[in-house]
Amino acid sequence: MPKLTIDNIQIEVPEGTTILEASTQLGIDIPTLCHMKELSPEGSCRMCLVEVENARGLQTSCNTICSEGMVVRTDTEKVIDSHRFVLDMLLSNHNLDCFNCAANGQCKLQDYCVQYGVERTSFKGLKCTEPVDTSSPFFDFDHTKCILCRKCVRTCEHIQCDSVLSAADRGFGTSISTFMGVPYLESGCVSCGNCVQACPVGALTLKDSKKYRVWETKKVTTTCPHCATGCQMNLIVKKGKIVAVEGAPGPANEGQLCVKGRFGSHDFVHSPDRLKHPLIKKNGKFEQATWDEALDLIASKMTELKKKYGPNSLAGFSCSRAPNEDNYVMQKMVRTVFETNNVDNCARVCHSATVAGLAITLGSGAMTNTIKDITEEPEVMLIVGSNTTEAHPVIGSRIRRAKQNGCKLIVVDPRETTLAEEADIHLKIRPGTNVAFANGIMNIIISEGLEDKEYIAARTEGYDEIKKIVAEYTPEKVAAICRIDADALREAAIMYAKAEKAPIIYCLGVTEHSTGTEGVMSMSNIAMLVGKIGKAGCGVNPLRGQNNVQGACDMGCLPTDFPGYQKANKPEVISKFEKAWGVSLSSSKGLTSTEVFVAANEGKIKGLYIFGEDPIVTDPDTGHVNNALNNIEFLVVQELFMTETAAYADVILPGASYAQKEGTFSNTERRVQRVRKAVELEGEQRLDTDIFCDLMTRMGYPAHYDSASDIMDEVARLTPSFGGISFERLDRGESLQWPCTYSDHPGTPIMHCEVFSRGLGYFYPAVYKPAAELPDEEYPILLNTGRMLYHYNTRAMTGRSPGINIISNSSYIEINYKDAQKLGIGNHDRVKVYSRRGELETEALVGRKVNEGESFMTFHFPDGNANKLTNAALDEFARIPEYKVCAIKIEKA
Ligand SMILES: Nc1nc2c(c(=O)[nH]1)N[C@H]1C(S)=C(S)[C@@H](COP(=O)(O)OP(=O)(O)OC[C@H]3O[C@@H](n4cnc5c(=O)[nH]c(N)nc54)[C@H](O)[C@@H]3O)O[C@H]1N2
Ligand SMILES: Nc1nc2c(c(=O)[nH]1)N[C@H]1C(S)=C(S)[C@@H](COP(=O)(O)OP(=O)(O)OC[C@H]3O[C@@H](n4cnc5c(=O)[nH]c(N)nc54)[C@H](O)[C@@H]3O)O[C@H]1N2
Ligand code: SF4
Ligand code: SF4
Ligand code: SF4
Ligand SMILES: [Mo]
């Protein structure tokens, strides 16, 4: 620990601390322009010079390491002159257009010039005349204001981990440029805007920032409303409207955002087509109604159906996009006044296989480790069925950063995703063969003697049976099923098993199959075999999808579980909630959302309440959802927008978006984070929780909460794993991951450390079963479905960002060039696609991304939604549909 003095103050710092870091600790401000605390220092802007006794010349403080006895001065005449000199030089070729500059008021050059009294340059510099690149729909690049600090280049390369920018020689000097100098829009840039956020001056600026001056705005820190990475961000609000979004430091994102967080999170809030009034359908047409009319109608209809057909003829779907507090009150409404356990959420079609599978094998269906833990230290990552760079982009960047730092990547995915391209081993497996793959990996680990015998003996059960099963899955047999190379499989198994720290990261490529739950349990089988659960840098890590799908499950929006996974079939759980809520509760088994559609088609579900979900767009086999909704007697939809599903409703209620309410989201790593109100409700929109309470009251169960915080307090009282979570702690800056059982419990970053939640970890004896519908002569091509970077699920939010729509706005199908040749289809040709359930027309993207005989579509676009084609075959444990495999045929249109 070297001791030194800075400006006459003594300080002792850890070995390797820089002068800049030590000064910051002392509260001494040293000006910097190129410095980024996340990255290794460059010392190139020379703004941070300080005087060090006995050193020759001034030293750059950002990269000079403190040593014993060092005497540093940051405030001498010489130092201040050097700051002035740097500023003077920078101004010499800077376009001093401050009055018009979007960065006016948030420019470091401007701030330092004010601080050091530099008003104009004393040099005669050549002014840059390059035109402004306005090609990006989101930001502009003005070379005439660039100070060549290279923060943008380094951010793109080492934080975003896309290498779009470089400092290239152009004209009379160096300038920042995209690869080959093409405009941003054509450069392969993924529009994350992280370089813009890093730029200290007005060279890279948001187009949005022209709409405001920073001093006219307030910032509201909240959680991104899209994926379950849970990035923290600031909504920038001017006169009651959100005008822009910036990344805020959070445990998962450390300031970074992706395109959806930065550019897809605010336009929709103020969109003119937001629902603003309750609507009642009369003679097939929606008419504006008062809240009293709408709520009275719902209460009387639901009560009537309940009396006539019994409580189990009613069901509710909760909203995995909405906060925990909304979800808690929603399931309470279904259980107390609908008097049924028929409540579910979008996890059913997403990670229900995870919730069920990991509960069976480990005792808890959640991510075992933290995002930081699994992306900072590992030697190897095994990534199965996760297109992380598109679906969880900020985690994707963290994975690519780990790769830059030497971590090896094994990617198991039927497509050449970005991570697959960068992987050390890419196993391009046939969709639907994960169980065979996993058993093959285990076969190799055991035959190489790499299993962790002690861990297996001490902490698990069921090993003998799984050992017998996997003995049959020789690498050659598995290679044939999965259509991969047996040696690559061997190499992957050994690489994963031998690494000290190696997490499994998986997503829907594992869950969305008719054998999804077995696929999930196969992931925990692999990890337990080598003793990699309950340890730092390891674990089984499902990346949850929607912003609060983890929370919707945690809050008991599941037919089988009360909040905190307290089982609805246990008498002691029921009596606990009966006592707390003061009603008698149903103990009969609830239906999953996927079963509700089947039951509705059979005439068994009569009344359905859908809170923020759009199954006509997102459930498999649109035809059967359409029939089910037509068969339902009374449908309520509580939404932000007139969705395709809302069109079927009898009553539509206008809810509140994430930016209009208080609450919490739980991200994929079980971290409960605050959602804060930034803008007011418009028209007659109401808080979703107030709507539920009014309805409960009208149905004979008086309910009211003063605030979202009160709701969380009730959750904490009734849910052991949330016992220590409160708004007060979160607002104090604590970051809490459940289980967090009492008021000063620090939360649980890594689960199953000493024992598994279920006691012993269980090896589930999974055998490979083929997907429900395989290609045949009539429908010869396998269709795999999923997502792309720019759009999110139904596009309810991203589809209302004009900039995002400029980049991507229509459907496509990825097909292999060999199939395309056979079918006479060229790249970008229009094609017709048929399955046994439906047909559509779309654009062909021909290449090698998918294997021969396979194809891929998204479900984002109304002009070609894959769900017209997909198969509603369900998994036997979790009732999750097989979105990832069905059979189609393709023709040139
Ligand atoms: N941009 C964007 N981000 C999103 C979303 C979005 O709509 N858009 N949605 C959010 C939601 S709700 C979710 S759940 C997540 C989902 O995130 P992901 O699961 O990462 O996304 P998907 O594209 O559905 O599927 C991931 C990969 O699984 C592969 N796959 C298909 N079948 C198999 C198989 O049998 N085995 C293996 N090993 N892989 C297979 C696919 O080729 C695909 O690359 O993303 C979230 N983030
Ligand atoms: N083919 C195919 N289909 C799929 C998948 C696939 O991989 N392939 N993936 C599936 C998966 S994983 C998922 S999660 C589903 C997603 O399916 P959905 O949940 O249906 O889709 P989302 O777009 O996430 O959002 C649903 C709705 O919530 C509303 N909403 C958002 N916030 C609020 C709020 O605070 N209050 C209210 N009242 N409403 C709100 C939005 O307006 C939006 O209409 O899609 C599934 N569909
Ligand atoms: S927006 Fe993102 S991808 Fe594009 S250049 Fe900037 S950092 Fe790179
Ligand atoms: S564009 Fe901005 S961040 Fe990039 S080098 Fe120029 S001044 Fe620095
Ligand atoms: S990675 Fe997910 S949470 Fe983060 S900004 Fe993007 S969409 Fe939002
Ligand atoms: Mo999802």
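1. Let's start with ligand 4. Of the 14 residues around ligand 4, the ones that come nearest are C146, C149, R150, C152 and C199; "around" here is a matter of heavy atoms, with a residue being near a molecule if one of its heavy atoms lies within 4 Å of it. Sorted by class, this shell has 12 nonpolar, no polar and two charged residues. For the classes, Ala, Val, Leu, Ile, Met, Phe, Trp, Tyr, Cys and Pro are nonpolar, Asp, Glu, Lys and Arg are charged, and the others, Gly among them, are polar.

2. A quick word on what you're looking at. This is a predicted model, where local features need pLDDT of at least 70, side-chain atom pairs count only at pLDDT 80 or more, and totals for chains, interfaces and linings use all residues. Residues are numbered from 1 along each chain as its sequence is written, chains are lettered from A and ligands numbered from 1 in the order in which they are written, and side-chain values use heavy atoms, with hydrogens and water left out.

3. What surrounds ligand 5? Its neighbours are C224, H226, C227, T229, G230, C231, L257, C258, K260, G261, P393 and V394. Two or more residues of that shell come from each of α6 (259-263) and α12 (393-404); helices are DSSP runs of H or I with at least four residues, strands are E runs of at least two, and both are numbered from the N terminus. By class, the ligand 5 shell divides into seven nonpolar, four polar and one charged.

4. Over residues 217-272 the chain is 9% helix and 36% strand, and the end C-alpha atoms are 22 Å apart.

5. C753 counts as partly exposed, at 36% relative accessibility.

6. Now the open space. The second largest pocket has a volume of about 880 Å³. A pocket is an open set of points on a 1 Å grid over the protein atoms alone, with protein on both sides within 12 Å along at least five of seven lines, a cavity is a set where a 1.4 Å probe fits but cannot get out, and lining residues have an atom within 4 Å of a point. Of this pocket's 41 lining residues, V355, A359, D561, Y565 and K567 are the closest to its centre. α9 gives the most to the lining, with five residues. By class, the lining has 18 nonpolar, 17 polar and six charged residues.

7. Among the 15 residues lining the second largest cavity, C156, V164, C189, C192 and C195 are the closest to its centre. Its lining has nine nonpolar, five polar and one charged residues. A volume is the space filled by probe spheres set on the grid points, which are joined across faces, edges and corners.

Notes. Buried < 20%, exposed > 50% of the residue type's maximum accessible area, 1.4 Å probe, protein only.
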